[in-house]
Amino acid sequence: MLTVKENLKEVMTGGNPDRFVKQYEFLQMIMSVPSGRIKPQIGEEVINEWGITIRWPEGQLASFPVHDAQHVVLKDVTEWKEYVKAPSMERPAGAWDQAIADASAVDRDNKYVAAFVAPGLFEMTHYLMGMENALMSFYEEPEAMHELIDYLTEYELDYAKALVENLHPDAILHHDDWGSQISTFLSPAMFEEFFLDSYKKIYGFYKANGVELIVHHSDSYAATLVPYMIEMGIDIWQGVMTTNDIPKMIKEYGEQITFMGGVHSGVIDHPEWTKEQIDAEFARACRESGKLYFIPGACQGLPVSSFPGVYEACDEAIEKMTKELF
C-alpha cells in the first residue's frame, strides 16, 4: 500500500495510484505560524494588521471586510502610498518556536508540512478598497493598480522569506479567489497583465527555496486561467467548482496540473446535511473525473467544514468510491 505522499504523486504524475486522495490528507497544516493575521471570532469586529476592519456577524459562515465610508482603508487608489502600510515582519523572540516544533513532529515521508497564506494579491486589492472600487480601478487607474500590486507582492515575498527561513515548508496552501461561480472577476488578458508576473515571482521564490508543492485555493470558475496557473507554478488548483468542466480540463491540462474539488461546499455543508447527499455528490465527482490528476473534495479552503461532521463524512464517501473504482 502506498503512503499518502506516494499515492498523491501517482495521481499527479498519471501513474498508478491505489486509491483516491482524501481531500487534504496529504497536507499537514502548521497553523501555529506567527502570521501576524488579526482575525475576528464569531460576533466580533477587529481592525487587522493592514488597518482593514473585519467583521464576523452572528449566523454567517465567515468574516468579511467592512467597506462603508467610515471603514474603507483606500478610497482612491492613486493615493495608495498614503494609506496602505505593510505590516512589520518582525516577531518577538520565540514567536516561531511552536510552529517549528509542530513542523518537526510531522512525518515528512508521509505528509507535506504546509504553511497557509491568505488573503492573496487580488483579494487584498478589494479588502483595501471594496470590490466595486477595486474592479473599476483596474480600468480607470491601471498604473496605480500596478504599483499597489507590486507593493503587495514585495510584502508577500518578505513573508515567504520568513516562512522558508523558519519553517522550511514542503508545501504552501495559498488563497486568492479569482472568480464567482460562473465567471472570473477579471478577463484572462487583464489577469495576465496585473497578476501573472507577481505570482511567478512569489511561487518561483517558494519553488527555488525547497517548497515542492504549490496548492492554490480559488473556489470559483477559473477554467480560462488554467494556462496562467501552470505558468506561475501551481501544482494543485484547489476549490474547483463544477461550473468548470473538470473532465475537459483534466484531458487538456492534466499532465501539467492537478484539480482538487468537484463538490460544492454549499451543496453538502449546511445545517440539514445528510450522508446520503454527500455520498451521491462524491460518487458523481469521482466517476466523472476519474483516478488521475484529480483529488475529490469539497471546495472549502482548509481541511474543515462549516458544520460538524461534514468533512469526516466526505472522507468516508471518498473511501466508498475507492472501494468501487479501484
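Q: Buried means under 20% relative accessible area, exposed means over 50%, and partly exposed lies in between (1.4 Å probe, protein chains only). Why is L121 called buried?
A: The model is predicted: local features need pLDDT of at least 70 and side-chain atom pairs pLDDT 80 or more, while totals for chains, interfaces and linings use all residues. Residues are numbered from 1 along each chain as its sequence is written, and side-chain values use heavy atoms, without hydrogens and water. The relative accessibility of L121 is 2%, so L121 counts as buried. L121 is found in helix α4, residues 121–129; a helix here is a DSSP run of H or I with at least four residues, a strand a run of E with at least two, both numbered from the N terminus. From L121 to L148 there are 27 residues in sequence and 9.7 Å in space, C-alpha to C-alpha.

Q: Why is A93 called exposed?
A: A93 has a relative accessible area of 84%, so the word is exposed. A93 sits in the loop between α2 (80–83) and α3 (97–104). Its C-alpha is separated by 28 Å from that of I54, 39 residues apart along the chain.

Q: What makes K9 and E212 a salt bridge?
A: The term requires a side-chain nitrogen of Lys or Arg within 4 Å of a carboxyl oxygen of Asp or Glu. The closest N and O atoms of K9 and E212 are 3.7 Å apart, and the pair forms a salt bridge. K9 lies in helix α1 (residues 4–12) and E212 in the loop between α7 (188–208) and β7 (213–217), so the pair ties together parts that are 203 residues apart in sequence. K9, at 37% relative accessible area, is partly exposed, and E212, at 38%, is partly exposed.

Q: How many salt bridges does this rule give?
A: The count comes to twelve salt bridges.

Q: What makes R55 and E45 a salt bridge?
A: Their closest N and O atoms are 2.7 Å apart, and R55 forms a salt bridge with E45. The pair links distant parts of the chain, ten residues apart: R55 is in strand β3 (residues 53–55) and E45 in strand β2 (residues 45–47). With a relative accessible area of 33%, R55 is partly exposed; with 42%, E45 is partly exposed.

Q: How do you know that D170 and R108 form a salt bridge?
A: The closest N and O atoms of D170 and R108 are 2.9 Å apart. This pair links distant parts of the chain, 62 residues apart: D170 is in the loop between α6 and β6 (171–175), R108 in the loop between α3 and β5 (112–117). D170 has a relative accessible area of 12% and is therefore buried, whereas R108, at 28%, counts as partly exposed.

Q: Which residues are linked in a network of salt bridges?
A: E281, R284 and E288 are linked in this way.

Q: What makes a patch of negative charge on the surface?
A: A patch takes residues with over 30% relative accessible area and no salt bridge, and joins like charges within 9 Å. Asp and Glu count as negative. D76, E79, E82, E140, E141, E143, E147, D150, E154 and D158 gather in such a patch on the surface. Helix α6 (residues 142–167) gives the most to the negative patch, five residues.

Q: Why is E140 called exposed, and why is E154 called partly exposed?
A: E140 has 53% relative accessibility and so counts as exposed; E154 has 43% and so counts as partly exposed. E140 lies in helix α5 (residues 131–140), and E154 in helix α6.

Q: What makes phi of Q23 and H168 worth a remark?
A: Most residues other than glycine have a negative phi, and most peptide bonds are trans. Phi of Q23 is near 50°, a positive value in a residue other than glycine. Phi of H168 is also positive, near 50°. Q23 belongs to the loop between α1 and β1 (27–29) and is buried, with a relative accessible area of 1%. H168 has its place in the loop between α6 and β6.

Q: Which peptide bond is called cis?
A: The bond from A118 to P119 is cis, with omega near -10°. P119 lies in the loop between β5 and α4.

Note on methods: Patch = residues over 30% accessible without salt bridge, like charges linked within 9 Å, V, L, I, M, F, W, Y side chains within 5 Å. Areas by Shrake-Rupley, 256 points an atom, 1.4 Å probe, with all protein chains shown as cover. Charge placed at Lys NZ, Arg CZ, Asp CG, Glu CD.
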